[in-house]
Amino acid sequence: MTAPTYSPREMIAKLVSFDTVSDKSNLPLIDFVEDYLKVHGLNPTRVYNEDRTKSNLYATVGPNREGGVVLSGHTDVVPTAHQTWSHDPFDMVEKDGRLYGRGTCDMKGFVAMCLAMVPEFANADLRVPIHLALSYDEEVGCTGCVGMVEAMANGAIAKPRAVLVGEPTDMKLVVAHKGVNSFHTTVTGREAHSSQPHRGANANIAAGKLVAYIARMAEEAAARAPADSPFEPPQTSFQVGLLHGGNAANIIPGHCEIGWEFRTIPSDDANALQAQFEAYAANEVLPALRATAPEADIVTEKLCGVIPLAPEQGDAAQAEALVRELTGQNQSGVVSYGTEGGVFQAHGFSTVVVGPGSIDQAHQPDEYLEVEQLDACIAFLRKLRDWASQPTA
Ligand SMILES: [Zn+2]
């Protein structure tokens, strides 16, 4: 029996057909990919989440030697509920030079093209390996890939020269992005009649102090931003997006919620910033609440923490050099969204982002990938195949 092959279009349609919205299991997709890779002679490895409802999958094509390339993509997609689609988002439609469907752009398109290329990679007599690394839970904070990246860094694969994260960049070379950290802070005070503030603890006033402090942290971040920061804006940015407390003007509010975030440049430490905020809350705001209400509290929960991707310098910038060599691009850019690239880089891998499609279409209703971007990505993967089979690779 000959092993089944898929054209890139067929493979994109196949992957899109699995509903892998982040709150669902991705195992049906992983089962399919694992079987496909096995019939092509590969030996894929799963790295599960704790309750074994989702899994990463990595596999090596070619000899497991140092100096290869990791192609990284996530298998989960953002929800389609509350969006109006012209057709079933999990049934890919090709129309007017575009492939429509959830994940065509972000980022099953890239994953599918890598998979469709596996037979070509396998037949190319590679000198250095091409590793595939598929993750889950990227869209909910890049948390799923961590176990797999740790395994890779701990020797599950021979150390690669480069990690290429195929998030949509229109196939342009991207060398940096900010980190994303979002929080939910709950202030608990005590309700009382508005005429008797000494019997209550005003959660809204406490929250106001915290919001003012976030604004101060934003000013401090702006003042310390490096002059050569490639980002727009150049500093770690802060924002308060949700503020909700109280029931009426004549009731002292006992409860207030703050939804806030900051987006770090690589030189700022997200944990230190969170600790700075929490120290202010505990030392400067909470005592006033507890003076009248011992049960008062301020609790900050971290919802998401995406690690920034820093531009690499000099000889360390192996991934950047490789993509420049393969594409002839001499420009490199930064993007405003987070990726799993920061996790790979934090584990010692030289990492860039380069992938098909535009971020403008990601997460949108009627998400699509331009066929022209599919062709560009396949041409890029063929250059990578040729590079990896050269005696000098
Ligand atoms: Zn993505």
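Start with the two domains: the C-alpha centres of domain 1 and domain 2 lie 36 Å apart. This is a predicted model, in which local features need pLDDT of at least 70, side-chain atom pairs count only at pLDDT 80 or more, and totals for chains, interfaces and linings use all residues. Residues are numbered from 1 along each chain as its sequence is written, and side-chain values use heavy atoms, with hydrogens and water left out.

Colour 8–176 + 308–389 as domain 1 and 179–306 as domain 2. These bounds come from an automatic or database domain assignment.

**The interface**

Select the contact residues next. Domain 1 brings 12 residues into contact with 10 of domain 2 (heavy atoms within 4.5 Å). The two domains bury about 740 Å² between them, 73% of it on carbon and sulfur atoms. Buried area is the accessible area (1.4 Å probe) lost on putting two parts together, summed over both.

Now pick G141, P308 and V334 in domain 1. These three lose the most area to domain 2, together 53% of what that side buries.

Look for salt bridges between the domains: the count is 0 (side-chain nitrogen of Lys or Arg within 4 Å of a carboxyl oxygen of Asp or Glu). On the domain 1 side, the touching residues are 8 nonpolar, 4 polar and no charged; Gly counts as polar here.

**The zinc site**

Move to the zinc ion. Show H74 (NE2), D106 (OD), E167 (OE) and E167 (OE), which coordinate the zinc ion at 1.8 to 2.5 Å. Donors are N, O and S atoms within 2.8 Å of the metal (3.2 Å for Na, K and Ca); water is not among the atoms, so sites may look incomplete. Along the sequence, the donor residues follow H-x31-D-x60-E.
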